[in-house]
Amino acid sequence: MSATGNIGNFTTVDTAPDSGWFIGFMDIANALPEYRVMKDELAAAMGDLDGKTVLEVGCGTGDDAREVAALVGEGGKVVATDLSTTMLEEARRRSAGSTLPVEFRVADLSGLDFPDDTFDAARAKLVLMHCEDIEKGLDELVRVVRPGGRIAVFDYDFDTTIVDHPDTEATRRAMRCFSDGHRNKWSGRQLLRRMRARGLQDVTISPLTVVMPFGFFRTLAAGRLANAQESGQLGLTSEELEQWWLPLLRAEEEGTFFASFTGFVVGAAKP
Ligand SMILES: C[S@@+](CC[C@H](N)C(=O)[O-])C[C@H]1O[C@@H](n2cnc3c(N)ncnc32)[C@H](O)[C@@H]1O
């Protein structure tokens, strides 16, 4: 897979020249062991799902939606939505032949075509942090859940991204620039406040740190840093950026590469 995709462009997957990159990227991410923990914690935050109707927004390739569909069982239903038709085509392809109760629909989280109080629960994993209007997105998530229903969200806080590198200043610059490439780079630390501002109850928050293998780190950061370098936002020449990667490649060869970032699983109930 190429390392050229720009992680900040998850709202424009369909028009990206490399839309397949976003599918491959999510597959690499979702295979990390911490993502298993993330999915389990999100499921726990939604409570008992047996027989429930669940909305999954920004469903991507649909793998999570099928997992949730297994939890709701035959008496329940999952409606899985995404802004991207490329993602939904992949989700439908992967779900072909499945008898799980999941329906895929195109929908922009900032204007959902569902009546108020439709769902028993709603889930947004790695989606609000990309939304053009995060406040509206969360409003919509809350609106379509019935009173007493539950909301489960996971978002990163991109300023928690660290990598062990001998050049402190260049690394600070690179990680700041990487973080700034995300529309809602601080979403993780803001989720609790946003949930409380909407009068949600029983709000729980649990940090989750993901240790990044080198391949994932490179896939995550290389495209954004290269784009930022070209547009003058990084403050490093292309040679300096190339040099910056070298100790990381060496660390990978020597088995000492270390990078991580932290996100937050937030659960809440609609009063
Ligand atoms: C980082 S991916 C996460 C996909 C999936 N939730 C997962 O964890 O595998 C973000 C997804 O949100 C979708 N997305 C971005 N903005 C959206 C919006 N405003 N409404 C609905 N989906 C959106 C993207 O198309 C993409 O599929």
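A salt bridge is counted here where a side-chain nitrogen of Lys or Arg lies within 4 Å of a carboxyl oxygen of Asp or Glu. The model is predicted, and for that reason local features need pLDDT of at least 70 and side-chain atom pairs count only at pLDDT 80 or more, while totals for chains, interfaces and linings use all residues. Residues are numbered from 1 along each chain as its sequence is written, and side-chain values use heavy atoms, with hydrogens and water left out.

With a relative accessible area of 14%, Lys 270 is buried, whereas Asp 117, at 37%, is partly exposed; buried means under 20% relative accessible area, exposed over 50%, and partly exposed in between, computed with a 1.4 Å probe on protein chains only.

Side chains of opposite charge can pair when their charged atoms come close. The structure holds 26 salt bridges, and in one of them the side chains of Arg 123 and Glu 56 meet at 2.8 Å, N to O. Because Arg 123 lies in strand β4 (residues 119-125) and Glu 56 in strand β1 (residues 53-57), this pair ties together parts 67 residues apart in sequence. Both partners are buried, Arg 123 at 3% relative accessibility and Glu 56 at 2%.

A further salt bridge connects Glu 103 with Lys 77, whose closest N and O atoms are 2.8 Å apart. This pair links distant parts of the chain, since Glu 103 sits in strand β3 (residues 102-106) and Lys 77 in strand β2 (residues 77-82), 26 residues apart. Glu 103 is partly exposed, at a relative accessible area of 26%, and Lys 77 is also partly exposed, at 36%.

On a 1 Å grid over the protein atoms alone, a pocket is an open set of points where a 1.4 Å probe fits, with protein on both sides within 12 Å along at least five of seven lines, and lining residues have an atom within 4 Å of a point. The largest pocket contains about 570 Å³ of space, a volume being the space filled by probe spheres set on the points, which are joined across faces, edges and corners. Its lining comprises 40 residues, of which Phe 10, Gly 58, Leu 126, Val 127 and His 130 lie nearest the centre. At least two lining residues come from each of α1 (19-30), β1, α3 (63-72), β5 (145-163) and α8 (214-230), and α1 gives the largest share, four residues. By type, the lining of the largest pocket divides into 22 nonpolar, ten polar and eight charged residues, where Ala, Val, Leu, Ile, Met, Phe, Trp, Tyr, Cys and Pro count as nonpolar, Asp, Glu, Lys and Arg as charged, and the others, Gly among them, as polar.

The second largest pocket holds about 150 Å³ of space, and the residues that line this pocket include Phe 214, Arg 218, Trp 245 and Leu 249. Helices α8 and α9 (238-254) each supply at least two residues of this lining, with the largest share, five residues, coming from α9.
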